[in-house]
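Q: I would like to learn how to read a predicted model feature by feature. Could you walk me through this one?

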Amino acid sequence: MIKLNTPISNNDIKLLEAGEKVLLSGIIYTARDQAHLRLINEKELPFKMKGSVIYYVGPTPKRDGFSIGSSGPTSSYRMDKLAVPLMERGLKLMIGKGDRSEEFRKEMIKNNSCYLIATGGIGALLSSKIISSEIILYEDLGAEAVYKLEVKDFPCFVAYDIYGNNIFKDN
Amino acid sequence: MRKIDLSEVTNIVKESVIKINYELDNSLVALIQKAKANETKEISKSILSDILENQDIAREGNIPLCQDTGIVVVFLEVGTSVQIEGDIYEAINEGVKQGYNQGYLRKSVVKHPFLRENTKDNSPAIIHTKLVSGDKIKLHIASKGGGSENMSTVVMLTPTDGIEGVKKLVLDTIFNAGGKPCPPIIVGIGIGGNFEKSAILAKEALLRDLDDSSNDNIIKQLEDELYTEINKLGVGPMGVGGETTCLAVKINYFPMHIASLPVAINIQCHSARHIEVIL
């Protein structure tokens, strides 16, 4: 098990091997399909892409007194092509669920990034690892807006590493 | 004629969509517990443990089981001795709107395939209506997530593809879906009818009791065989490998054209959220 803090360095990426459990802490950002479409065309971003982490999630509405609503991962494959320009701008970790394309995996290795998975369908449990949340971009997208999240020991597994291992193929 | 007050329909839909998104059915929880005991790999076991812990947290009523609280599907059976004054579809959709707002559920429905503007209240529901005899209204209400729905398929096999053709299609579909539909999954299969009928049969199959089996011997045997074969695929919880890929296989069938063997496979994630209510 590896504990990681954001922002993520190239050294951190070297430590990650497929199948390993990761507890992630620090600031991460959310983005799904529509937010990706917009992000790739933004000249200036309200957060630093270099060393950043993007979590593929669209949470449920938050109740008063809670940091966020239910917040589990969505399927990552839908973001495969759209993730490439963001990795080229320094995106280091993506958190989602499920297998992705070979093209994505090659681009990920080339850009020295990593793909982590969180367990789908456990959004209530995962939300307890999110300390705070705020919408920072594209509020009009509703659940698909970009949130800034502060997480503490957020549980993931390394799915693809830079050494070519794949949790879905090596089991 | 028995008069049904449509506000009752709205209320029951509202209460149902909230309940199913916070409380996982006990028979499903029991199957996941059994699967956990059966797993040998540490990572697969820990995923099933997390799924069980998650439903305990959600049951407290503050945070839904999953962030994808689905699009609502209703199988509506109306007794012909029931008198309805007004628009029952509107009443159902009003229940969806109230439930998704009051229950802090995610609004996951967009108006247009390309403009993708959110309806902001999770309406409209997808409603399938049947007329039956009697003086009751039955609603089977489901919140269906997008991830598992995206891995579903309809294929027009030919009659001579037969039972082996169906098996191969089901196993290939589930293997290729891998971890995307959030396994362990429930598999609903519709065989026969025609193109659209097979898909509705598959969806209806997903709503059957988890412990029942088909009353047709050949179909029951196919359900049992596919359950075993699917679990031998090794996809495992969330696709990371293991003994449990599916929790149940349900097949519904219907007569079909001599030229056709339509097969629909509807996949349900481990968070199967549905309830039957009778008014």
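A: Chain A has 5 helices and 7 strands, where helices (H or I, at least four residues) and strands (E, at least two) are DSSP runs numbered from the N terminus. This is a predicted model, in which local features need pLDDT of at least 70 and side-chain atom pairs count only at pLDDT 80 or more, while totals for chains, interfaces and linings use all residues. Residues are numbered from 1 along each chain as its sequence is written, chains are lettered from A and ligands numbered from 1 in the order in which they are written, and side-chain values use heavy atoms, with hydrogens and water left out.

Q: In what order do the elements of chain A run?
A: Starting at the N terminus, the order in chain A is β-α-β-α-β-α-β-α-β-α-β-β.

Q: How much of each chain counts as buried?
A: Buried means under 20% relative accessible area, exposed over 50%, and partly exposed in between (1.4 Å probe, protein chains only). By that reading, 61% of the 171 residues of chain A are buried, and for the 279 residues of chain B the figure is 53%.

Q: Which residues touch the most other members of the largest nonpolar core?
A: First, the general idea: in soluble globular proteins, nonpolar side chains tend to be buried together. A nonpolar core is a set of buried Ala, Val, Leu, Ile, Met, Phe, Trp, Tyr and Cys residues joined through side-chain atoms within 4.5 Å. In the largest one, of 81 residues, those touching the most other members are A:Leu16, A:Leu24, A:Leu93, A:Met94, A:Ile95, A:Tyr115 and A:Phe154. Strand E7 (residues 146–160) of chain A supplies the largest share of this core, 10 residues. Another core, of 26 residues, lies apart from it and includes B:Ile4, B:Ile12, B:Leu105 and B:Ile137.

Q: What is A:Phe154 in contact with?
A: Contact means heavy atoms within 4.5 Å. Leaving aside neighbours within four places in sequence, A:Phe154 has contacts that include A:Val22, A:Leu23, A:Leu24, A:Tyr55 and A:Ile95. A:Lys129 is also among the residues in contact with A:Phe154.

Q: Is A:Ser76 buried or exposed?
A: A:Ser76 is buried, because its relative accessibility is 0%. You will find A:Ser76 in the loop between strand E3 (53–55) and helix H3 (80–88) of chain A. Beyond its neighbours within four places in sequence, A:Ser76 is in contact with A:Tyr56, A:Gly96, A:Lys97, A:Arg100 and A:Tyr115.

Q: Where are there cis peptide bonds to look at?
A: Omega is the angle to read. From A:Thr6 to A:Pro7 the bond is cis, with omega near -5°; A:Pro7 sits in the loop between strand E1 (2–5) and helix H1 (10–15) of chain A. A cis bond also joins B:Ser123 and B:Pro124, with omega about 0°. B:Pro124 belongs to the loop between helix H4 (88–102) and strand E4 (126–132) of chain B.

Q: Which residues other than glycine have a positive phi?
A: B:Tyr104 is one of them, with phi near 55°, and B:Met238 has a positive phi of about 55°. B:Tyr104 is found in the loop between H4 and E4 of chain B and is partly exposed, because its relative accessibility is 29%. B:Met238 lies in the loop between H8 and strand E8 (246–256) of chain B; at 3% relative accessibility, B:Met238 counts as buried.
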